[in-house]
Amino acid sequence: MNKSKLNQFIIYLLENNFVIAPQYDSEGFLHLNKLENPKDFALVSKLPLDSWKWHMLPPDQKMFEYKGNKMQEVLPQIKSQVFLGVSILDLQALTLLNQVFEKDPYYQKIKKKTIIIGTSSVPEENFYQFFEKFEEHKLEHLQFDVFLAVQKTGYKIFTGSEDGQRLLDKFGHKDYQHIEYAGPIREEGLDAQMVAIKDAMQNNHQQKIWDDLGARCIQCGKCTIACPVCFCFRIYDQSDLVKGTGRRSRCWDSCFYNEFTQVAGPAPKEPKHRFINTAAERIYFWYEHHFVRTPQSFSIPGCVGCGRCTQVCPANIDIKQTIQDILKNKKTKNAQ
Ligand code: SF4
Ligand code: SF4
């Protein structure tokens, strides 16, 4: 597909869909926004600061409401939407969210209405070997509908679903190769770096690293908001006693916030018990979630190496540096 045909394809998408794409704002920041003009689509190797999670897993979502004793589930009401220009790192993030929310009706309703168009641009911020360059064989483990592999004079087109094939057929573009999704787990398992971090965290707890980070972290939770794979949420209720109505909703939460790890009991001595209390414990818990628990539960990386957490951290905590420290201390300990 050449550049002019891609332009026509985007115009075609805009006619029938709500299209979200990376675009530069007036101050030069790259954001995900509703696309109005194909010219504004920024097909670049930089990542937008906000991730696609905002549009697949809304920050605040009503689940059901009731009046008297009549309850009604509230599924998201969305028209068909297109995510245009999803980098391979963010495709990996969405592939993980798809596993986590596989049985979640709210997430699935949005997913069914979403066409994902990936691109092979590899972001500069990337620090994982697996994604350091685009290779076609990696596509079979990523979930997408259409994929644009950037070439010198245009784009090689792949489809990853029947929806993607239908879309291109309707548009009138037949020159594509179909990739059958083989599931998120690669035959060779986790990449070597992820295995090394996981082993280091599991077999060699280095308290000094977490104490040092804990002394700097102000527990603002910005890293969890920016992260494309942080998915923790809490449930809350709003009730009106006079009208007899109410609703239950869920919203994003963060393991850096005090209330997140608060549980009831043991009463009466500690009616508000917390199972992690210090900044050092919280930051360890966050890293453990990404590098130990998620790979253990899903056999895929719990961090895609996008660097958004580093970019937003007011305490300059750099995930790449932390990983180097974890691996360096492991080597030092092994050498002793
Ligand atoms: S963004 Fe930085 S300071 Fe804020 S919670 Fe995350 S690690 Fe801590
Ligand atoms: S680099 Fe940071 S923001 Fe990106 S996926 Fe990993 S933990 Fe999340």
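In this predicted model, Glu 65 is partly exposed, with a relative accessibility of 28%. The side chain of Glu 65 forms a salt bridge with that of Lys 62, at 3.0 Å from N to O. The count of salt bridges comes to eleven.

**Salt bridges**

- Lys 62, the partner of Glu 65, is partly exposed, with a relative accessible area of 28%.
- Glu 136 and Lys 156 form a salt bridge in which the closest N and O atoms are 3.0 Å apart.
- This pair links distant parts of the chain, 20 residues apart: Glu 136 belongs to the loop between β6 (114–119) and β7 (146–150), and Lys 156 to strand β8 (residues 155–159).
- Glu 136 counts as partly exposed at 36% relative accessibility, and Lys 156 counts as partly exposed at 26%.
- A salt bridge also joins the side chains of Glu 36 and Lys 34, with an N to O distance of 3.7 Å.
- Glu 36 is exposed, its relative accessible area being 58%, whereas Lys 34 is partly exposed at 41%.

- The shell around ligand 2 includes the cysteines Cys 227, Cys 303, Cys 306 and Cys 309, together with Pro 228, Trp 286, His 290, Val 304, Gly 305, Gly 307, Arg 308 and Ile 319.
- The elements that contribute two or more residues to this shell are α9 (279–298) and α10 (308–312).
- By residue class, the shell around ligand 2 divides into eight nonpolar, three polar and one charged.

Key. Residues are numbered from 1 along each chain as its sequence is written. Chains are lettered from A and ligands numbered from 1 in the order in which they are written. This is a predicted model: local features need pLDDT of at least 70, side-chain atom pairs count only at pLDDT 80 or more; totals for chains, interfaces and linings use all residues. Side-chain values use heavy atoms; hydrogens and water are left out. A residue is near a molecule or strand if one of its heavy atoms lies within 4 Å of it. Helices (H or I, at least four residues) and strands (E, at least two) are DSSP runs, numbered from the N terminus. Ala, Val, Leu, Ile, Met, Phe, Trp, Tyr, Cys and Pro count as nonpolar, Asp, Glu, Lys and Arg as charged, and the others, Gly among them, as polar. A salt bridge is a side-chain nitrogen of Lys or Arg within 4 Å of a carboxyl oxygen of Asp or Glu. Buried means under 20% relative accessible area, exposed over 50%, partly exposed in between (1.4 Å probe, protein chains only).
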